[in-house]
Amino acid sequence: MKRLTTIFCTIALCVSCMALQGCGADNAGAGFGTKRALKASDLSIDDFAWETVQTKYNGNDCYSFSLTNNSAYDVIDVKVTYKVRDDVADSDLEVYNKFMNEHEGYIEATDSPRDVILRGFRDVLVAKGEKLTNLRFMIGFKNWSWYDYPTDEQFELMGPKEIQLGVVGEDGLLYLAYYDFETDTWMIDENTIPVDTWSEKEIAKKISRPAEGHHVVTTDEDDRFGFVSYGVTTDDYSQYVKSIKAVGFAEDNSNPSHFAGKSADGYTVKLWYYSEDERLSITIEKES
């Protein structure tokens with residue numbers, strides 16, 4: 001059985017509990033209390049030009065989604081879901097039988113192939129005026145998706161269901177916005193998290209605050225601090241590694257996409273760089 005993936009979890013959902021409880025971050029300059037909250041009426045699907053094309057990835061046939069952000073907002077995270085079209089006849093659903101049988105441990109014999117879905121996601125910054133490409137669709141069922149690409153016959157029975165975007169509002173908060181193709185409406189999740197803030201704790205002062213793109217604090221504790229930075233180029237990453245070394249973190253492990261270092265005063269820092277998404281994840285913790 002091929003490796004199973006759970007339903008896509010954006011950075012906003014992963015840290016929403018932390019944001020709601022208050023992380024003690026420095027919100028100076030974020031615009032809190034001075035600029036209005038994002039509303040569903042602020043968004044229009046016409047501001048997001050999108051298309052799906054047939055392509056190849058690592059020699060495999062697949063379908064790729066692209067999105068051009070013509071809105072007034074930066075976007076972090078894009079998730080797209082397709083579903084079986086309502087006008088598809090029951091007899092045509094046999095094209096999903098092989099897929100469903102291969103995953104019988106998760107799909108019951110009594111389940112309907114109408115619940116088969118396609119899902120694609122990229123945890124990446126799409127700034128105003130920029131275009132996201134290579135968001136590849138994987139076939140799944142209900143809330144699950146696998147690392148399987150749909151066949152042409154399977155894709156032809158599908159239509160767009162929902163686009164989910166993490167929208168950076170003018171108030172310095174990240175909003176999860178959902179566009180429903182059937183009802184032609186936007187909905188915004190009640191949970192939000194701060195963007196481009198920093199911690200007031202001493203441990204956060206051990207490393208520099210990134211200047212590129214946007215960043216989101218994911219962990220803010222006395223002995224552990226972490227954040228994710230978006231819009232970080234390969235050169236940006238190289239310069240950040242140099243800055244880490246310059247403040248006293250001796251290299252413990254390193255490769256083009258990872259760096260780990262230790263300081264003389266007992267701190268460990270780890271960096272993970274995802275070049276395709278220009279995303280950098282960083283954690284620092286005090287050794288016990």
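Mentor: Rings of Phe, Tyr and Trp (its six-membered ring) pair if their centres lie within 6.5 Å; planes under 30 degrees apart count as stacked, over 60 as edge-to-face and the rest as tilted. This is a predicted model, where local features need pLDDT of at least 70 and side-chain atom pairs count only at pLDDT 80 or more. Side-chain values use heavy atoms, without hydrogens or water.

Trainee: How many aromatic pairs does the rule give?

Mentor: The count comes to 17 aromatic pairs.

Trainee: Why is the pair of F99 and W146 called edge-to-face?

Mentor: The ring centres of F99 and W146 lie 5.6 Å apart and the planes stand at 80°, so the pair is edge-to-face. F99 is in helix α3 (residues 97-102) and W146 in strand β9 (residues 144-146), 47 residues apart. Helices (H or I, at least four residues) and strands (E, at least two) are DSSP runs.

Trainee: What makes Y106 and W146 edge-to-face?

Mentor: Their ring centres are 6.0 Å apart and their planes at 70°, so this pair is edge-to-face.

Trainee: Why is W146 called buried?

Mentor: Buried means under 20% relative accessible area, exposed over 50%, partly exposed in between (1.4 Å probe, protein chains only). W146 has 0% relative accessibility, so W146 counts as buried. Y106 has 38%, so Y106 is partly exposed.

Trainee: Which residues do ring pairs link into a cluster?

Mentor: The cluster holds F48, W50, Y63, F65, Y82, F137, F155, Y179, F181 and W186.

Terms used
Residues are numbered from 1 along each chain as its sequence is written.
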